[in-house]
Amino acid sequence: MAEKTYVPEGETAPVSQIGATLEALAATIAGRREAGEESYTYRLLTASPDAVLKKVMEEAGEVALAAKDVEGWATSSVAAALAFEGGAGRATEPDEVAVQLPPEYGEAVDHLRYEAADVVYHLLVVLERYGISLDEFAAELNNRMAEGERPEGAVRLYDEYVKRGK
């Protein structure tokens, strides 16, 4: 698959791209509390909670549909390659087939990434709306990992705040 990311020349990449990006996005979202009605994020933060919660659900559904598209292009391409190779008169194992994925596969992957970003954005708006910091959210995720899986120095939740399924 083609390389799709880069760091602009003259800039130094942070240790964690996702961490730096989420922190910047969370700060932008928090700053929009003062933006006024012309800001989409302001409206999500201040209007009825149903608006932002509906968007999270809608975007999550779009991620699922986009992932199914990716899967469909991948499996149909593998099936076509197997049928072509098998039709040439010899039995072919799936791992022996060189599969050329169509351009639509890459487009579907790009669309999945786009929809996933929508989910994360709307989720961060929900977290901001209800006062959950990125550190608190990270602690929740870190608490779900076993001791050897967590990054060294990872923030964690105090036991009294760990709620599993209420």
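Start at Val56. Leaving aside neighbours within four places in sequence, Val56 is in contact with His122, Leu123 and Val126. Contact means heavy atoms within 4.5 Å. The model is predicted: local features need pLDDT of at least 70, side-chain atom pairs count only at pLDDT 80 or more, and totals for chains, interfaces and linings use all residues. Residues are numbered from 1 along each chain as its sequence is written, and side-chain values use heavy atoms, without hydrogens and water.

Now take His122. This residue sits in helix 4. Helices are DSSP runs of H or I with at least four residues, numbered from the N terminus. His122 is buried, because its relative accessibility is 3%; buried means under 20% relative accessible area, exposed over 50%, and partly exposed in between (1.4 Å probe, protein chains only). Beyond residues up to four places away in sequence, His122 touches Tyr40, Leu44, Val52, Lys55, Val56 and Glu59.

Val56 also belongs to the largest nonpolar core, which has 10 residues, including Ile29, Leu44, Val52 and Tyr121. Such a core is a set of buried Ala, Val, Leu, Ile, Met, Phe, Trp, Tyr and Cys residues joined through side-chain atoms within 4.5 Å. Helix 2, helix 3 and helix 4 each give two or more residues to this core. Helix 4 gives the largest share, 5 residues. Another core lies apart, with 5 residues, among them Val70, Ala74, Tyr105 and Val109.

Next, the loop between helix 4 (103–129) and helix 5 (134–143). Ile132 lies there. Ile132 counts as partly exposed because its relative accessible area is 33%.

Last, confidence. The chain averages a pLDDT (the predictor's confidence in each residue, from 0 to 100) of 84, and 82% of the residues score at least 70.
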